[in-house]
Structure formats: structure tokens, C-alpha cells
Amino acid sequence: MAKLHQLCARGGALETAPRSTSNHHPTEMATHELHPNDTLTTLKMESESLKAKLEEERAKLHDVELHQVAEKIEALGQFVMKTRRTLKGHGNKVLCMDWCKDKRRIVSSSQDGKVIVWDAFTTNKEHAVTMPCTWVMACAYAPSGCAVACGGLDNKCSVYPLSLDKNENLAAKKKSVAMHTNYLSACCFTNSDMQILTSSGDGTCALWDVESGQLLQSFHGHGADVLCLDLAPSETGNTFVSGGCDKKANVWDMRSGQCIQSFETHESDINSVRYYPSGDAFASGSDDATCRLYDLRADREVAIYSKESIIFGASSVDFSLSGRLLFGGYNDYTINVWDVLKGNRVSILFGHENRVSTLRVSPDGTAFCSGSWDHTLRIWA
Amino acid sequence: MSTTNSIAQARKLVEQLRVEAGIERIKVSKAAAELMSYCEQHAHSDPLLVGVPTSENPFKDKKPCILL
């Protein structure tokens, strides 16, 4: 089945992406002077030598592998995780989901254009909104629990305040916040209901003010569709990580718009990125059938989670509360559970009847939720 | 026209690589030790890792046992 971005993407995403006036590229020279008569050749030579230097610096510090350091700790025992709830109600593929901070509510979005808010304890549907577009690829719960954001093929991210009155038409209060020039692939509120971070098929990420819809910062650097993003845990400061079809995972400074670190070791699209709970590392899931762990302070990939028998892409990843377990949802309908430190798989979970497209651990770590192309969501514990 | 564009992009790439090359890094052994230490410190309060009793997990139903 053709990947959506291949259906939607127009060529040369980076060059046609809109430039925001609030992110004017600095014109003052860096401390190393760039000669005004620089030719393409000399610039290319310099970028090649910088890339080599980067690799050299990273390699110098590569004194050991993570799984070697982890040899001395106890192996994990058997895990028994089962489906505890099945949320049925979407009429088509579930594409995205997010937990509310109250640890029981969930928002999910689907190819059928519907966004549903569920009480995961009772499986009751509390709210439902029909979007004006199909393929709602992104949804997020506001930190207050009072609103949800969503978007997809409409190229926008819209915020819907959740009403206590179940009969109220949520669509009437909808606020359009973000505008991209291609599909919205992911969205997430920052530490408050006031700002939203988005990623798009147009190759950019952007930070928006919810109230005014104003673009606060834009992030350029990916060479193709950006498919995912994750905000650093609040203790670690104002950064976020994004992954894209250019096989790169980029770490960004939210205030300056600068890409501060970039990792390119995956062999295909990166579908999902998620910070390790301490904020010092992040995991990624890719169409190359592997998940990987990148340490930000060592500035390199430190683990690959793969098996010869796993040949389908990983669509979504998340960590357990301590960071010891990594859950990965795959296109072969399974969920693989990995020992983050030792690198081996500790469990494989069956249940979904089609691709697992989205997966998130609950805020208190008691369960995780997976969404699938089989139209359902499952809560596992 | 496209040459100017290519030069601008190449210049941007060089500047970006300079930023990336210039950051401070630590050894993998040290980074790994810190990741492990975090896991160890938080392991006991990770419900999916250590498991919580049925009575404490709202998703695990307390069903009565039926002996056949």
C-alpha cells in the first residue's frame, strides 16, 4: 500500500516551503569568515570536510557499546501484557492518539475524518468531532484537558475546546491555528494550552500561538516531509526532536529555530521519535524495520533494536516510565517490547488485525494504548 | 538564478555543520552509565516494568475467579 506521503508529497519540499518572516536567517558572519566569492565547489569541499570532522569527533568518544555496559545488570523476566480494553467506534484506520494528563481520557483520530475523545476506563465515547477532511493524521490533548488539537490533509492544525455539555456542537467553536502548505503529520501542545508545535509534509516544523494563530517560529532543515516530533521533558529545556522522510532526526532549539544536532543513521523514513524520560536521549522507529536510540550528550546512535525476523516498518515508539522498556508498534500488526539497555526483545504482543499506526504510554505509566488500521484502539497492561 | 540558490543552500549547510561540529560531547561509556542509572533509580516506580497488583491498576479488572 503506497505510503500517504508518497501520495501527497510534491517534489523539492524544502525549496518550496514558505519562509517565515519571524525566522529571518542571520546575515551577520559567523566568527569564521565566508569569503564573498565562495564558489559552489569550495563550499561543497568545506561541507564534506566538516562532515568528516563531525564523524571523527563522534568516533573518538565511541569507547563502548550501550549493551556492553548493560551486561552487568539483571536481565528482565517474562512479561505478561494483555489487551485490557478495546475501543471500537472509528469507521476507518486509526492514525493517531494521545493521552490526557488525567491518565484516563484519550483522543484518537482516523482516516474517516473523525476525532473521538474516550474514557479509557469505561470505553465510553465522550466527544466526537467530524473534521472537514479525511486522513486526520495528527491529534493531541491539551495539558489542561480542556481542548484537543487535530489536523491532516487539510494542511492545518485546529483546536477544539471540549465542552462539558455533550450535546454542544464542538465544530462550532473550532479555532484554526496552524497553516502549512502540505499535510499535517504531527502536533503537540507545549507546556500550556497556549502554544502548539506542528510538523508537516511541507518539510518544516512550526511553533504557533493558539489564541492568535500567529507563527512564532519555524524550523527548516529537513529535506523532505517531516513525519513526527516530540517535545523534550520540561526539565531539560526548550528543545524538540523531529524525524522525516529524509531519514534524519533533528534536534531543534525552540527559541532560535536552529537545528542543534542531526542524526542520519536510519536507512528509511523515520515514522516516530520519542524522548527518553530523562531527556538525555531519544528513540526512533523507521520504515527500515529498526528502532534506534540516540544519546544527545554523546551525540550518536547508541543502540539498534532489530531482528532478522522483523522486516516491516516500525510506525510508533514510546518508553515505559523508567525508560527501561521501549514499545514499538509495527506494520506487521505486532507490538515488540525491547529492553532499552540490553538491546534484546523481551516480548511480542499480538492482537491487532492490521498495522499498528500509533502507540503511547499513559502519563502515569500504568498502561499503554495502541491504535491500528484495524479501526480499533487497545489498552494494554 | 538556480546557481545563486545552490550557493545560498551550500552556505547554509556549511554554517549548519559548523554549529553541529562545535558542540560538546561526552564518551559513550559515561552517557551509557547515566542512562542505566536513570533506569535503575526509576525502575521500582515503573508499573509496566515491575507490574502492579490488580487492585492498584485501574485497567486490570478485578474479576472474581470461577473454579470449574
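Trainee: So contact means heavy atoms within 4.5 Å. On that basis, how many residues does the contact take from chain A and from chain B?

Mentor: This is a predicted model, so keep that in mind throughout. The contact takes 69 residues from chain A and 43 residues from chain B.

Trainee: And how much area do the two chains bury between them?

Mentor: About 5000 Å² is buried between chain A and chain B, and 68% of that lies on carbon and sulfur atoms. On the chain A side, the residues that lose the most area to chain B are Leu61(A), Arg297(A) and Ser322(A), which together make up 12% of what that side buries.

Trainee: Let's stay with Arg297(A). Which residue does Arg297(A) meet in a salt bridge?

Mentor: Glu34(B). The two side chains form a salt bridge at 2.2 Å, N to O. The count between chain A and chain B is three salt bridges.

Trainee: How many residue pairs are in polar contact across that interface?

Mentor: The rule finds 15 residue pairs between chain A and chain B, with both residues at pLDDT 80 or more. As for where the chain A side comes from, helix α3 of chain A, residues 40–60, gives the largest share, with nine residues. By residue type, the side of chain A that touches chain B divides into 37 nonpolar, 14 polar and 18 charged.

Trainee: Nice. How many salt bridges are there over all chains?

Mentor: A search of the whole structure finds 20. Have a look at Asp318(A) and Arg274(A), whose closest N and O atoms are 3.6 Å apart in a salt bridge. That pair links distant parts of the chain: Asp318(A) sits in strand β22 (residues 314–319) of chain A and Arg274(A) in strand β18 (residues 270–275) of chain A, 44 residues apart.

Trainee: Switching to sheets. In what order do β6, β7, β8 and β9 of chain A come in their sheet?

Mentor: The order is β6-β7-β8-β9 in chain A, an open sheet of four strands with antiparallel pairing. Strands β6 (138–141) and β9 (175–179) of chain A are at the edges with a single partner strand each, so one side of each is left without a neighbour in the sheet. From one strand to the next, the twist averages 20°.

Trainee: How many bridges join β8 to β9 there?

Mentor: Four bridges join β8(A), residues 156–161, to β9(A), and the two run antiparallel.

Trainee: What about Lys173(A), where is its place?

Mentor: Lys173(A) is in the loop between β8 and β9 of chain A. Setting aside neighbours within four places in sequence, Lys173(A) is in contact with Val159(A), Pro161(A) and Glu168(A).

Trainee: Now hairpins. How many residues lie between β4(A) and β5(A)?

Mentor: Four, and Thr123(A) in that turn has a positive phi of about 70°. The strands, β4 (residues 114–119) and β5 (residues 124–130) of chain A, pair in the antiparallel sense over six bridges. Trp118(A) stands opposite Lys125(A) in β5(A).

Trainee: And which residue takes a positive phi in the hairpin of β24(A) and β25(A)?

Mentor: Gly343(A), near 90°, in a hairpin with five residues between the strands. Strand β24 (residues 335–339) of chain A runs antiparallel to strand β25 (residues 345–349) of chain A, with four bridges joining them. In that pairing, Trp338(A) stands opposite Arg345(A) in β25(A).

Note on methods:
Residues are numbered from 1 along each chain as its sequence is written. Chains are lettered from A and ligands numbered from 1 in the order in which they are written. Side-chain values use heavy atoms; hydrogens and water are left out. Two strands pair if DSSP finds at least two bridges between them. Axes are lines fitted to C-alpha atoms, for helices over the stretch in contact, and angles run from 0 to 180 degrees between N-to-C directions. Buried area is the accessible area (1.4 Å probe) that two parts lose on being put together, summed over both. A salt bridge is a side-chain nitrogen of Lys or Arg within 4 Å of a carboxyl oxygen of Asp or Glu. A polar contact is a pair of N or O atoms within 3.5 Å; within protein, one must be able to donate a hydrogen and the other to accept it, and residues adjacent in sequence count only if both atoms are side-chain atoms. Ala, Val, Leu, Ile, Met, Phe, Trp, Tyr, Cys and Pro count as nonpolar, Asp, Glu, Lys and Arg as charged, and the others, Gly among them, as polar.
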